[in-house]
Amino acid sequence: MIDYRMKELSQIINDLNILTGIKCVLYDEKFEPIYHYEKVRCGFCTLLRENAEYAERCLCSDREGLKKCTETGAPHAYKCHMGLSEILTPIISGDITIGYILVGQSVCGEDMERVKKNVEKYPDKDKISR
């Protein structure tokens, strides 16, 4: 995807982040991150990934989301292992997937209790502000 309308794609990513406050990441066709606004993960996820076990769970959630998205060739909404909502959308040119946009993480009202319960299980839960 290198240089494939990167100026326009990066502006879309920036606008989504600014308008919604939700992180967006642009990935290439191999699911390697190539652009995200402010180059920062959400604070909650950054803290979780300090723990190796939870970092692996995060990666597993992303891989499962990518697998579904790749199988269907359509956007795929899912919950990560902590209960946060994410949406993965393929970027398709002709009949070739040239990349992906991941939008997340967000918490829908009805999922807040699930997230709180999962935070209680986190080994360093005192680091996470509620």
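## Strands E3 and E4

E3 and E4 pair in the antiparallel sense, joined by four bridges; two strands count as paired if DSSP finds at least two bridges between them. Strands (E, at least two residues) and helices (H or I, at least four) are DSSP runs, numbered from the N terminus. Lys-79 has Ser-85 in E4 as its bridge partner. The two strands form a hairpin with five residues between them, and Gly-83 in the turn has a positive phi of about 105°.

This is a predicted model, in which local features need pLDDT of at least 70 and side-chain atom pairs count only at pLDDT 80 or more, while totals for chains, interfaces and linings use all residues. Residues are numbered from 1 along each chain as its sequence is written, and side-chain values use heavy atoms, with hydrogens and water left out.

## The sheet

The five strands form an open sheet in the order E2-E1-E5-E4-E3, with antiparallel pairing. E2 and strand E3 (76-79) stand at the edges with a single partner strand each, so one side of each has no neighbour in the sheet. Ignoring direction, neighbouring strands are turned by 25° against each other on average. Such angles, from 0 to 180 degrees, are taken between N-to-C directions of axes, which are lines fitted to C-alpha atoms, for helices over the stretch in contact.

Strands of a sheet pair through backbone hydrogen bonds, either parallel or antiparallel. E4 and E5 run antiparallel and are joined by nine bridges. Ser-93 has Ile-96 in E5 as its bridge partner. In the hairpin of these strands, two residues lie between E4 and E5, and Gly-94 takes a positive phi near 70°. E1 and E5 are also antiparallel, with five bridges, and Tyr-27 is partnered by Tyr-100 in E5.

## Helix H1

Helix H1 (residues 6-20) has 15 residues, which at 1.5 Å a residue should span 21 Å; its end C-alpha atoms are 21 Å apart, in agreement. The expected span is 1.5 Å times one less than the number of residues. Leu-9, Ser-10, Ile-13, Asn-14 and Asn-17 are the buried residues of H1, where buried means under 20% relative accessible area, exposed over 50% and partly exposed in between (1.4 Å probe, protein chains only). They cover an arc of only 135° around the axis, so they lie on the same side of H1; the arc is that of the directions from the helix axis to the C-beta atoms.

These buried residues pack against E1 (24-28), E2 (33-36), E4 (85-93) and E5 (96-106), contact meaning heavy atoms within 4.5 Å. The face turned away from the buried side carries exposed Lys-7, Ile-18 and Leu-19. Gly-21, with a positive phi near 75°, follows H1.

The 21 residues of H3 should span 30 Å at 1.5 Å a residue, and the end C-alpha atoms are 31 Å apart, which agrees. Buried residues of H3 include Tyr-54, Cys-58, Leu-66 and Cys-69.

Ala-74 lies in the loop between H3 (52-72) and E3 and is partly exposed, at 29% relative accessibility. Apart from neighbours within four places in sequence, Ala-74 is in contact with Cys-69, Leu-88 and Pro-90.

## Cysteines

The whole structure has zero disulfides, a disulfide being a pair of cysteine sulfur atoms within 2.5 Å. Cys-24 is buried at 1% relative accessibility, and Cys-80 is buried at 9%.
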